[in-house]
Each structure stands twice: as C-alpha cells, then as structure tokens.
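Please look through the structure below with the report beside it. The headings that follow take up one topic at a time.

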Amino acid sequence: MNTPGDFAEWRSAARSLLTGGVAPEEVSWRGSAEGASLFGDTAVVAPAGAVSLPRELLEVAERVICHRDPETPARLYRIIWRAARDRQLLARTTDSEIDWLRKADKAIRRDVHKMHAFVRFRRLGEEAGRESFAAWFEPTHRVLRLTAPFFRRRFYGMDWAIVTPDARAIWQDETLTYGPGGTKDEVPGSDVVEDQWRTYYGAIFNPARVKIDAMRAEMPKKYWKNLSEAQDIAPLLAGAEARVERMREAAVSLANPLTDKWRTRVPEDLLLDDDVKTLLDVARAVDRCTRCPLSCNATQGVAGEGPERARIMLVGEQPGDREDLQGRPFVGPAGQVLSEALEEAGLDRTRLFLTNAVKHFKFEPRGKRRLHQNPTAAEIDICRWWLDKERALVQPDLIVTLGASALRGVTGKSASITSMRGAVHELEGGTKLLATIHPSFLLRLPDRERAAKERALFVADLALARKLAA
Amino acid sequence: MSAKPILEKLAVLADAAKYDASCASSGTVRRDSVGTKAIGSTEGMGICHSYAPDGRCISLLKILLTNFCIYDCRFCINRASSNVERARFSPEEVVRLTLDFYKRNYIEGLFLSSGIIRSEDYTMEQLVEVARILRDEHRFGGYIHLKTIAGADPGLIAMAGLYADRLSTNVELPTEEGLSSFAPEKKPETIRKTMASVRVGADAAIEAAKNRLIGKAKPPRFAPAGQSTQMIVGADAARDDDILKTATNLYSGYRLRRVYYSAYSPIPDASQDLPPVRPPLMREHRLYQADWLLRFYGFERAEIMQGARGGMLDLAIDPKLAWALQRREAFPVDINRAPREVLLRVPGLGTRAVDRIVAARRLGKLRLGDLAKLTASVKKVLPFIVTPDWRPGKLTDSADLRARFAPPAEQLALAL
C-alpha cells in the first residue's frame, strides 16, 4: 500500500482480490517503503462479479485500517474473505479473529475520542473578522481522517489546521483539505488564553480527593506533552496534602462581618396557622404543612381552587401525579373525566370550588413512575384541618364528595358510598351533602359496558347536584 | 463591582464551583455549526477534554457567576458567613471566557451556577442572560448547563429551558431534617417545586412536538439533556437507605437523568458543626453503584438494602455482590439459558457483557473460554454461573465466599 491507513486504497485492492477469488494466504500486504507495491508482484486479478459484504463490516474496516499494527491490512482481508462466505461472522464474538477486530476497533474509537478531546488549538490571528487556529497532535493510530469531520462540524466558523506526524487537515474558506504530515514547530508554541486555562485547571482540582490512577486511566501520560495544563499536575499533587492539612488545622474563624447585612435579603414568608385567613393563605401555608409525613415526598401541597363564594364544593381524594407537579387540583386524567362529566351535567367547572380531602400526593416510586397510594384514615383526619378551613371560607350550600376518602374527609366517619349515594344528607350547620364515586374509578374499569353505565350514574349524580344548588 | 483581573476572578469562581460533581456534556440533541456558520456542536456523547488529579473529568467550564451569597448553608464554601474571597463576573466576561476556551477545544461548553444575590429571581435572570447572549448573539452551539435557582419564577425557568441543554437543582441533603439544620434558607418544597416546573416544561415541549402539524416549524426543545441534582454524602447523619429513598423519589417524580452523590469534602473556612474528615469516597462509589442497579439492572431499593447493614451499604464489596450473597438460593444461573433480567443480577456481569452473552449464545453454546472473551473478569462470576464445562458445586454456598472478594482487612499499625 502506498499510504498506510488509507481506506480507499485498501478497499479497492481488497475488492479486486476478493472478486478474483484470491485466498488470504496468497496475498502479501506491504507498504511502499518495502520496495514492491501490491500490484507489482501479483498477477493482475480479473474481477469476477461483485461480492456483497455486510455494511457494518465495511464501517468497522474503515476505522480499523487506521491501526498501526502492520498486520492490519492482511487481517482485515482475511476477515472479509471469511465474511463473504459466512454472513453471521460478525456476530461470532467468540471467534478469535472477530475478537481481534472488536478490540482493534475499540482501540481506534478510543483514539478518535481522545483526539476529539485532546487537540488544543492555538490562535494564529484574525483576518476580516475570521479567526484562525492551528494544533499539533500525535494520535496513537492514523485517525486524522476519522476525526477531521468532527472538527468541521464544531468549528465551522473559524479557520483551522491540525498537523500530525502522518498527515494534516486544513479547514479554510469552508473547505476541508488534507496534506502531508508535519512537525511540532509549524504550530505556535503558546496561546494567550493558556494562562486562563491553567488557572482554571488548578482551581477546579479538589485537593481533598486525589485519585491519580483515575486521571491517568482516562488521560494517559502519552498525551501530556501536548497538553499545557499537564505541566501543572505534579505541582498540584505536591501541594495537595498540605492544602488539605491547612484546611483542617485552620481554627474556625469568626463569621464574615457582613453576614447579617447580606442575610436580611432572604425573604421571610412563613405563615403560622393562626394567620391563615384567606384562601390565598391556605394555598401558601398548606405547602409547609408537616402535620403528617406525606409532605416530605410530595412536591407541594395542593390547595382547593375556585371562586370564594362558590355554591358547590367538590371534594376529591388527593392530588395525583399531574396535580402534584402543577400544584392545581384535578388537572390529570381523572380531572379530565370530571370536566367532561360536569359539562354533560350542565355544571360550569369554573363556578365550582374543587379541592381534595388530603392535600399532599401519596405515592410509591416505581422506576420512572409514581404509583398512587390511598391515604390512610389517619392521614385524612389530620388533613381535615385544611378542608375545614376551606369549608369555613367558602361556605358552600352543597358539598359533593367524590369517593370514600372524600366522604371520610368531610364527615369524619368511614361509610360505603353505596349506602350514602342517591340521597341528600345534611351536615352540621345545614350544608347539604351528596356522595358519589371518584372519577378515577371510571378510568380503572376494564369492562366498557360497565364503565359506560357507571359513567351515566356519575353524570346523574352531578346533575342532581346542579338541581340541589339551583 | 470590583475591578479584579479576570485571572483572579476565574481562580475564585472556579474554586467555588468545584463542589458540584456534575460535568456531564452527554445526552443532548445533535447540533453542529454547519448551518449557523458559527461555533459549537454537540454529538450526543460527551467529551472529557481533560482530567484533574482528583480523577474528575473536565468537560465544561464550570464556574459561578458570583460567590456572593445571602444564604448561609453550613456545608457551602460560599455561605454568607464564610470569609472566603468574593468575586463576581459580568455576563459578558463569562461569555468571553466560554468562547475563548471553546475555540481552543478546551471544553464542551459551560456549566454556570451562582450564589444567590439580591433575590432568587434576579440571580436566575443573570444566569439566563449569559445563556441568551451565547445562543442568540454568538449562535453558540456547544453545551450549556444552567443551575436553576430554587424558588425562581417558573417563567424564568421556562426561559432557561429554551437556552440550556441541561438544568439542575441541587437537593443538597438527602433528608428534610438535614436540610433544615444545615441549610436554613433552603426549603425542600421549594426545591421540589422547581424540579417539578422543569419537568412540566419538558413534558409540555414533548407534547407540543407530538401535536405538531406537518409543515409547521418544530416547537423549541426544552432542556433536551434533562435535569439532574446532587446530594452531599457524609455531611449529615443520613444513611445510605435514606439517600437512595430520596433518589428513587426524585427519579420517579421529576424524570431526573442523574442524581449525583458528592462525598462531603472539607472546605476552607469550614463551619464548626461539620466533620473535618476525609471525604467518604468509597461510600460515594457504592452509592453510584446502587444507583446504577436501580436504573439499569432492575433492582428495587429494598432489594439493594438486603445486602446492607443498618441502612448502610457494604463498603468492602459492591452492592450487587452483597445482595447475591444474601440470596444464594437464586444461584447458580445457567449462562446459556437464563433470561436477560436474571443475567443482569449475576455479580460481575455488566449490561454490556449481558448483551454480548445474549447475542453470542444464539450462535452456539457458550463455554468458559467463550465467556472470557465476552466479559472483563470470569473469576468473579464463577461462583454464580453454570456453563457446559463449569459447575460451581459447593462454592456458591461456601461460607467464605465474601472473603474471596472483599479486600483483606488492613493490618493495624503496631503501637510501640
């Protein structure tokens, strides 16, 4: 091969050998430096039809050909020779040649990745508002052509050159060209921003958690000579222990004298229970409620919503996932069902006061989801403090409880909905009570026919509520 | 503001930022500068442009806009009562630094955080302004991670989500008690509400993209690399169980991409009530392993805790092995027949090894020699697997199995 690592050259040679049926043992792959070229001492092979190879293999080969191991072209040819006869070859990960291919590919991809990471541009100048930069880099393998497109995508708006011992890539006038290898002294020896970069490197290092092996595993020493910050590694390490020791030994100093002045800016919006006088106060204070432990997992307390003089108050069980995130009642799937049913029953949602028996969402985390859990009777009873506040402030004529938890929240007693449903009850103080199901019940019914029937009953209950409040 | 030279400000404000563990630049959408003819790209996979001697990757320019702060969180170097040197960048200075570093290929982008000055809203506005200048005025296509200031107006968070790839809000301490005693101004519900508004913003953007009419412009993305958070480990009395409980709650509620666990490390001018100890790096490492088991290996928190003692993970062996040693009746498993979920629970097999095994066994029975090509270390899996040429026999149930894996106890120095 004339240019080691050149995929196009290898591919065309390999293709004619493969179509000509030349077995791997009959081929000797040599570089131009070794005198004879591939085609000089081989009988010209007549192509005998196309051979198809898995696309994935060609992609891997394009990378692996950059490997510096001189055996690479021959090994790759052996693999495509076999692949032409065994379509499953690439999947045979326990095969020793495929194992080699996978490891070689991994080495190349790592080298590409490290080149993306460790190339360091130095500024050459600026012309007509366009800056130009140059970098010297010594990749382990011949990966310049594999990496240049990345730098094009990233640095389209400036001119740049990357010089390596094997080849160079130049991006100028929005054109990418390749040229011969070069030397380090073609690239400037420093850059004005390097001082800032080294300052940053030193400051971001935490001397209390030295892990040299972890650093060297990811940034091997072979790259250090072209990384300006690497010269600081030794002094940083040498001073680390002493810095930590000084931190430890330093007597605790007096507080910064400006502390109090600064801290006066911290907003104070604590609201004591006795200060809760309006619905807005309820909404602000319910967030801080710690009467029961539900508050420590939920996002926020969700207070009721609606006009202060609403005639009908709808009480649900507790906020669900969406309600918890948005801080508003009945905005999730059950809320959707409720809205539709209300409309059918001729009730205007915006004229109702919607709230819940329990103000915080109770759930069980399961992966990326939160599974709803029923509140306990004790949790409902504790949370009644808030529901009572809302009732006292709104003073509705009629309360409609949705589900058993709501019924307990309002009455303080556990009763089955079936026993209470359909009749109008009277609460202390004359407020009327109507008990019905929670709309989420409708979402859980798998049987369509039954769901439609239950839904009709639910709408009928809501229609009754409309008549009662009229 | 003070006329400190940029180099001094950089030293102060990078030093103040290093206690934030995250430096990830991955998981965002692909972007490049070909269309904009400007600077900047993201490729999905993050790139670490350097490594500090603490073994941490340097991918982003991680700095604070200012380390002045009206809060007084005990564990924080920037707390109001700390005597640390203070500095403040202007948004333009941060933009300049970011672009200068980026053009030299030092970084993938910017991770900007800040102490709280004046108010939460004012601080958030300043952070958003930096991102806005980078994106709108310089058409910068690199990665931007903004810290969301808990308690800031949801409107500002929505703007931040339009400019940034990632947003993060730190929960700081795993329990409410810890937070109220160490960070009196930080309210857990405010932090959660901020995370919720990020999630609501992201959900709305996804919904808008789904409902887009053909031919209409794509609706803007919202923080495509998602949100993350950080918990400090070892500053308060929280146990690993508490920490993982909080983590699972956060993952389930706010779709976090990552929870970072940061071993509390001594800070200059530390508050008196903090442990002046070495950072618990091994504990941090075990928590990350447990976190991975939760997210990629199908483990529940309660299962992981079966291998723990008193709510603390075993420091000597990894949490999967600790679990397996308590559940020996589940082993050995047949490498050639066990389903993927079962293979994932074999100590010593990672997700990649499992995928390779599942692919390779379709083409023929795997023997021990084959396994050596598919996984890093066969030695570790031996007690837990069966192949046609290997049976662990009594090894699976042997009493000294833990000792085979645990590092030998350190010999005590002899006192003279």
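## Two loop residues with positive phi

In this predicted model, B:Asn105 sits in the loop that runs between helix H2 (91-103) and strand E4 (109-113) of chain B. The phi angle of B:Asn105 is near 65°, which is a positive value in a residue other than glycine. B:Asn105 has 22 other C-beta atoms within 10 Å, and it is therefore counted as buried, since the cut-off for that class is 20 or more.

A:Phe330 is buried, because 26 other C-beta atoms lie within 10 Å.

## Domains and recorded features

The domain assignment divides chain A into domain 1 (7-115), domain 2 (119-186), domain 3 (194-249) and domain 4 (273-469), and the centres of domain 1 and domain 4 of chain A, taken over C-alpha atoms, are separated by 70 Å. For chain B the assignment gives domain 1 (6-279) and domain 2 (319-405), whose C-alpha centres lie 39 Å apart.

UniProt, in an unreviewed entry, places the feature "domain: Uracil-DNA glycosylase-like" at residues 303-458 of chain A. That span of chain A is 42% helix and 19% strand, and its end C-alpha atoms lie 24 Å apart. For chain B, an unreviewed UniProt entry lists "domain: Radical SAM core" at residues 64-196, a span that is 43% helix and 11% strand, with end C-alpha atoms 24 Å apart.

## The sheet of chain B

Chain B holds an open sheet of 6 strands in the order E3-E4-E5-E6-E7-E8, with parallel pairing. Strand E3 (60-64) and strand E8 (256-263) of chain B stand at the edges, and each has a single partner strand, so one side of each is left without a neighbour in the sheet. On average, neighbouring strands of this sheet are turned by 20° against each other, if direction is ignored.

Which class, buried or partly exposed, does B:Asp242 belong to? B:Asp242, which lies in helix H7 of chain B, counts as partly exposed because it has 18 C-beta neighbours inside 10 Å. Leaving aside its neighbours within four places in sequence, B:Asp242 is in contact with B:Pro174 and B:Thr175. B:Asp242 and B:Arg295 are 53 residues apart in sequence, and their C-alpha atoms are 17 Å apart in space.

## Where the two chains meet

In the model, 73 residues of chain B are in contact with 71 residues of chain A. On the side of chain B that touches chain A, the largest share, 6 residues, comes from helix H6 (residues 188-210) of chain B. By class, this side of chain B has 35 nonpolar, 16 polar and 22 charged residues.

Helix H1 (residues 6-15) of chain B has several buried residues, among them B:Leu10, B:Val12 and B:Leu13. The buried residues of H1(B) pack against helix H6 (194-204) of chain A, together with strand E3 (60-64) of chain B.

## A hairpin and a cis peptide bond

In chain A, strand E8 (residues 363-366) and strand E9 (residues 369-372) pair in the antiparallel sense over 4 bridges, and A:Phe363 stands opposite A:His372 in E9(A). The hairpin of E8(A) and E9(A) has 2 residues between the strands, and within this hairpin A:Gly367 takes a positive phi near 60°.

In chain B, a cis peptide bond joins B:Phe331 and B:Pro332, with omega about 0°. B:Pro332 is found in the loop between helix H10 (319-326) and strand E9 (333-334) of chain B.

Methods: Residues are numbered from 1 along each chain as its sequence is written. Chains are lettered from A and ligands numbered from 1 in the order in which they are written. This is a predicted model: local features need pLDDT of at least 70, side-chain atom pairs count only at pLDDT 80 or more; totals for chains, interfaces and linings use all residues. Domain bounds come from an automatic or database domain assignment. UniProt positions are given in the numbering used here, feature names are shortened, and annotations may be inferred rather than shown by experiment. A residue is buried if 20 or more other C-beta atoms lie within 10 Å of its own, exposed if 12 or fewer, and partly exposed in between; C-beta atoms are placed from the backbone. Two residues are in contact if their C-beta atoms, placed from the backbone, lie within 7 Å. Two strands pair if DSSP finds at least two bridges between them. Axes are lines fitted to C-alpha atoms, for helices over the stretch in contact, and angles run from 0 to 180 degrees between N-to-C directions. Ala, Val, Leu, Ile, Met, Phe, Trp, Tyr, Cys and Pro count as nonpolar, Asp, Glu, Lys and Arg as charged, and the others, Gly among them, as polar.
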